[in-house]
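Please keep the structure open while reading.

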Amino acid sequence: MAATAACRTVEGRWSLAGSTALVTGGSKGIGHAIVEELAGLGARVHTCSRNAAELEECRRQWEGKNLRVTVSVCDVSVRAEREKLMDTVKRTLGGKLDILVNNAGQSMVKAATECTGEDYALVMATNIESCFHLEQLAHPLLLRSAGGGASSVVHISSIAGFVGFPGLAVYSMTKGAMNQLTRSLAAEWAGDGIRVNCVAPGGINTDVAKDMITRDPEIVKSQATQLPMQRLGETEEVASVVAFLCMPAASYITGQVICVDGGRTIA
């Protein structure tokens, strides 16, 4: 979305009308909420998922809500599929991309001594390699919309990139890397008019969180005692921060990692 006189008005600063966006992993959880938030604010959104059935059900729901969302199946851990995804985005969004949200991720709860080479490779490929490669592929498209810092990349990280959690060594490594990638790319791409920021959620009420509560309620209970706000966050509370970072209102914000965690990282 080019910087225009309209963006100097209140309505322009707080709108995504006319923007185009790619959100990875948009069929459920935080990604699903981000798709709905961006589309609800006027953006035309493309999203992907590995699960074709889930994706099609989401597409029907979004169509029923009159949200402009297109979908395609993609396993972001596979290089060839990432390249195919970006080709699809180019065709679908007319060669224009204002917003890239790297949300897709692979969680793995396992003792460090039990992690196999295959475990390590899968989490790394899904969480950080895909993020970096998609940004390389998206860069030419983001440049076309980059006037006045209008292009925006947002990483979805985790407070696991700051705080040590048992059983999450490999996952946490990828999130720490994502935090640093945010800072490095922000410095490198500022001259291109592309802003790069990161949102690091804490405990959010998703299917993954529910599974963890079922699997190990004691660990979850012990972590909850360290939450100043004493509750899990909702996916919409993460999505709203992502949307803000993509708006003209955030045009002077880049290289930041913002924790959405109910105060967990200050406790």
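## Nonpolar cores

A nonpolar core is a set of buried Ala, Val, Leu, Ile, Met, Phe, Trp, Tyr and Cys residues joined through side-chain atoms within 4.5 Å. The model discussed here is predicted. Its largest nonpolar core has 30 residues, of which Ile 34, Leu 38, Val 45, Val 101, Val 199 and Val 242 touch the most other members. At least two residues of this core come from each of β1, α2 (29-40), α3 (52-64), β4, β5 and α9 (235-246). The greatest contribution is that of α9, with 7 residues.

Leaving aside residues up to four places away in sequence, Leu 38 touches Leu 16, Ala 21, Val 23, Ala 43, Val 45, Ile 99, Val 101 and Ala 243. There is also a second, separate core of 26 residues, and Val 89, Ala 104, Leu 142 and Trp 189 are among them.

Strand β4 spans residues 99-102 and is covered on both faces. Ile 99 and Val 101 lie on one side, Leu 100 and Asn 102 on the other, and all four are buried. In a regular strand the side chains alternate between the two faces of the sheet.

Which strands pair with β4? One is β1 (residues 20-24), in the parallel sense over 3 bridges; here Val 23 stands opposite Val 101.

## Packing of α4 and α5

Helices α4 (residues 79-92) and α5 (residues 117-144) have axes that come within 10 Å and cross at roughly 35°. The crossing is right-handed.

On the α4 side, the contact is made by Arg 79, Arg 82, Glu 83, Leu 85, Met 86, Val 89 and Lys 90. The α5 side supplies Ala 125, Glu 129, Ser 130, His 133, Leu 134, Leu 137, Ala 138 and Leu 141.

## Cysteines

How many disulfides does the structure hold? The count is 0, with a disulfide taken as a pair of cysteine sulfur atoms within 2.5 Å. For Cys 48, the nearest cysteine sulfur is that of Cys 74, 4.7 Å away, and Cys 48 is in no disulfide. Cys 48 is buried, its relative accessible area being 1%.

Cys 131 is in no disulfide either; its nearest cysteine sulfur belongs to Cys 198, at 8.3 Å. Cys 131 counts as buried because its relative accessibility is 1%, and the cut-off for buried is under 20%.

Definitions and conventions
Residues are numbered from 1 along each chain as its sequence is written. This is a predicted model: local features need pLDDT of at least 70, side-chain atom pairs count only at pLDDT 80 or more; totals for chains, interfaces and linings use all residues. Side-chain values use heavy atoms; hydrogens and water are left out. Buried means under 20% relative accessible area, exposed over 50%, partly exposed in between (1.4 Å probe, protein chains only). Two strands pair if DSSP finds at least two bridges between them. Contact means heavy atoms within 4.5 Å. Axes are lines fitted to C-alpha atoms, for helices over the stretch in contact, and angles run from 0 to 180 degrees between N-to-C directions. A crossing is left-handed if the near helix is turned anticlockwise from the far one by less than a right angle, and right-handed if clockwise.
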